[in-house]
Amino acid sequence: MNGTGTLYTVSAPSGAGKTSLVNALIERDQGLRVSVSHTTRPQRPGERDGVDYHFVDEAVFTTMLAEAAFLEHARVFGNLYGTSQAWVEQQLAQGTDVVLEIDWQGAEQVKRQLPATRSIFILPPSRQTLEQRLTGRGQDGPEVIAARMAQAVEEISHFVQSDFLVVNNDFEQALAELQTIVACHRLQTSRQQQLLSDLLQNLLA
């Protein structure tokens with residue numbers, strides 16, 4: 001992929017606020033687009049097919065996997081998730097920055113294929129806060145909450161593989177930090193040189 005867009009992966013344990021932060025980041029930055037993953041997970045109340053996820057059955061997912069349609073894929077809590085490689089390539093080639101909201105396994109796969117990818121890990125401010133957020137959803141029973149907490153600890157142990165760490169204690173501060181990461185990379189010389197080619201030619205004439 002030789003486009004000028006930057007690919008970001010955002011990972012976090014369930015309940016850390018990753019989805020809310022990514023949604024807010026996309027709303028405030030017209031130059032960013034979020035990839036809509038394919039998943040075999042059942043559709044939850046309020047979710048929209050094609051907006052939150054592309055909901056497919058396991059047979060369809062397996063066929064797409066065989067066709068090498070995914071940039072990355074993983075099985076999480078018994079459900080399959082995958083990112084469309086063609087869509088990501090198209091966006092980056094057009095110079096659009098793309099955000100992948102995926103787990104650490106997917107982020108690792110993407111980083112291996114595309115080393116220039118910038119990986120971000122969202123941390124909760126405490127284990128107590130994380131458990132409160134999971135319980136407050138009202139969607140899962142105690143056994144599921146306990147399983148998710150155990151999984152969260154394992155997921156958090158992979159923070160060292162990320163390029164950036166953001167703690168979601170104060171939502172606006174965490175969002176501002178994400179915006180700073182994106183802004184910083186847009187100001188890199190390699191990217192600015194393309195965007196400011198006319199100005200640079202004029203200044204150096």
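This is a predicted model: local features need pLDDT of at least 70, side-chain atom pairs count only at pLDDT 80 or more; totals for chains, interfaces and linings use all residues.
**Entry 1, helix H1.** The buried residues of H1 pack against strand E1, strand E2 (32-34), strand E7 (97-101), strand E8 (118-123) and helix H7 (171-186). Those buried residues are Lys18, Leu21, Val22, Ala24 and Leu25. They span an arc of only 165 degrees around the axis, so they sit on the same side of H1.

Which residues does UniProt mark as "binding site"? The record, an unreviewed entry, lists Ala12, Pro13, Ser14, Gly15, Ala16, Gly17, Lys18 and Thr19. I then checked them against the pocket lining: Ala12, Pro13, Ser14, Gly15, Ala16, Gly17, Lys18 and Thr19 are included in the lining of the largest pocket.

Ser14 is in the loop between strand E1 (7-11) and helix H1 (18-28). Is Ser14 buried or exposed? My note says buried, because its relative accessible area is 18% and the cut-off for buried is under 20%. Ala16 is in the loop between E1 and H1, and its relative accessible area is 0%, so Ala16 is buried too.

What does Ala16 touch, leaving out residues up to four places away in sequence? I wrote down Ile122, Pro124, Leu130, Arg133 and Asn168.

I found Phe70 in strand E5, which covers residues 70-76. Phe70 counts as buried because its relative accessibility is 9%. Not counting residues up to four places away in sequence, Phe70 touches His38, Phe61, Met64, Leu65, Gly82, Thr83, Ser84 and Gln85. I also looked at Val110: Phe70 and Val110 are 40 residues apart along the chain, and their C-alpha atoms are separated by 10 Å.

How many aromatic pairs does the structure hold? I have three on the page. One of them joins Phe61 and Phe70, at 4.6 Å centre to centre with 25 degrees between the planes. That pair goes down as stacked, because planes under 30 degrees apart count as such. Phe61 is at 0% relative accessibility, so Phe61 counts as buried.

Elsewhere I noted a cluster in which ring pairs link Tyr53, Phe55 and Tyr81.

Key: Residues are numbered from 1 along each chain as its sequence is written. Side-chain values use heavy atoms; hydrogens and water are left out. UniProt positions are given in the numbering used here, feature names are shortened, and annotations may be inferred rather than shown by experiment. On a 1 Å grid over the protein atoms alone, a cavity is a set of points where a 1.4 Å probe fits but cannot get out, and a pocket is an open set with protein on both sides within 12 Å along at least five of seven lines; lining residues have an atom within 4 Å of a point. Helices (H or I, at least four residues) and strands (E, at least two) are DSSP runs, numbered from the N terminus. Buried means under 20% relative accessible area, exposed over 50%, partly exposed in between (1.4 Å probe, protein chains only). Contact means heavy atoms within 4.5 Å. The arc is that of the directions from the helix axis to the C-beta atoms. Rings of Phe, Tyr and Trp (its six-membered ring) pair if their centres lie within 6.5 Å; planes under 30 degrees apart count as stacked, over 60 as edge-to-face and the rest as tilted.
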